[in-house]
Amino acid sequence: MSAEIIDGKGFAAGVRERVAEHVARLKADHGITPGLAVVLVGEDPASQVYVRNKGKQTVEAGMNSWEHRLDTGVSEAALLDLVARLNADPAVHGILVQLPLPDHINSEAVINAIAPEKDVDGFTLSNVGLLNTGQAAMVPCTPLGALMMLRDRLGDLSGQEAVVIGRSNIVGKPMAQLLLRENCTVTLAHSRTRDLPGVVRRADIVVAAVGRPRMVTGDWLKAGATVIDVGINRIAAPEKGEGKTRLVGDCDFDSCAEVAGAITPVPGGVGPMTIACLLANTVTACCRAND
Ligand code: GUN
């Protein structure tokens, strides 16, 4: 193995530390405490874990945290009513509605009901438009975390060939926009891309966000490429015992690490950065609200 392993866990701890320092200054100098409200509908176990971690880390950073748990059967109108109340509450600087929502609820309608200045996920049409036109936007947390790690490793990204694999609204598209803003030459590849390995082999920077376990292998990479693996896939792990599972990324770590210059592991890579960036976005929202 030759690649440097990018320590997302350590990096995220550093971001959280800086957020906590900023929060302490806001409290001491201005008497303001940033606050994040998280809305969880239903009992999805993965969502419950995320929401619990978000709440815990928000409090650890010295911020106010509110959790609103609603039954799976809640009406769209009741959810919109809650969002409206959070929009109107001056103590709430950030609002996050955990996705996915149950099928009977129009997720787009709910997301777009969030006041754009409190949309710490960066999912509203307003923030998407601001990002895509190069204006000050709330930036989605996962691509923001990935960009921070790239900048830390590579410094100026100008002129780099970047290939983003996956065109989701949450990761792929905003990631491509962020890299474009950094003056990369960006290719947004996806499941219908012809000769995907050949496209990826051109890249100095590869961001994999397709949700296909270990799809990207070392022979797809240019030597020395920086690889950011956004995938979190649970696969069977019979070597750990019957019925056991483990997490893997969209990249085949061992073969990619032979060729890449640097790579994020799964777990412990991009994942921890997402919540750290959520906290940072909440502080940004609080500062803008009190400007
Ligand atoms: N579900 C999984 N990831 C996310 C995220 O980043 N934001 C929201 N709102 N829901 C999610």
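The following is a conversation about how terms are applied to one predicted model.

Visitor: What kind of model is this, and how are residues numbered?
Guide: It is a predicted model, in which local features need pLDDT of at least 70, side-chain atom pairs count only at pLDDT 80 or more, and totals for chains, interfaces and linings use all residues. Residues are numbered from 1 along each chain as its sequence is written.

Visitor: What makes up the chain in helices and strands?
Guide: The chain has 10 helices and 11 strands.

Visitor: Why is the chain called as compact as a globular protein of its length?
Guide: The radius of gyration, taken over C-alpha atoms, is set against a globule rule of 2.2 Å times the number of residues to the power 0.38. For 291 residues the rule gives 19 Å, and the chain has a radius of 19 Å, so it is as compact as a globular protein of that length. Along the principal axes, the C-alpha atoms fill a box of roughly 50 × 45 × 35 Å.

Visitor: Why is G166 called buried?
Guide: A residue is buried if 20 or more other C-beta atoms, placed from the backbone, lie within 10 Å of its own; 12 or fewer make it exposed, and anything in between partly exposed. G166 has 23 such neighbours inside 10 Å, so it counts as buried. Of the 291 residues in the chain, 44% count as buried.

Visitor: Why does G31 count as exposed?
Guide: G31 has 7 C-beta neighbours inside 10 Å, so it counts as exposed. G31 is in the loop between α1 (8–30) and β2 (35–41). Its C-alpha atom is 50 Å from that of A237, 206 residues away in sequence.

Visitor: What makes α7 mostly covered?
Guide: In α7, 8 of the 10 residues are buried, among them G172 and K173. The buried residues of α7 pack against α5 (125–132), α6 (141–154), β5, β6 (185–189) and β7 (205–208). Just after α7, N183 takes a positive phi of about 70°.

Visitor: What does UniProt list for residues 140–288?
Guide: The unreviewed entry lists "domain: Tetrahydrofolate dehydrogenase/cyclohydrolase NAD(P)-binding" there. Over residues 140–288 the chain is 36% helix and 19% strand, with its end C-alpha atoms 17 Å apart.

Terms used. Helices (H or I, at least four residues) and strands (E, at least two) are DSSP runs, numbered from the N terminus. Two residues are in contact if their C-beta atoms, placed from the backbone, lie within 7 Å. UniProt positions are given in the numbering used here, feature names are shortened, and annotations may be inferred rather than shown by experiment.
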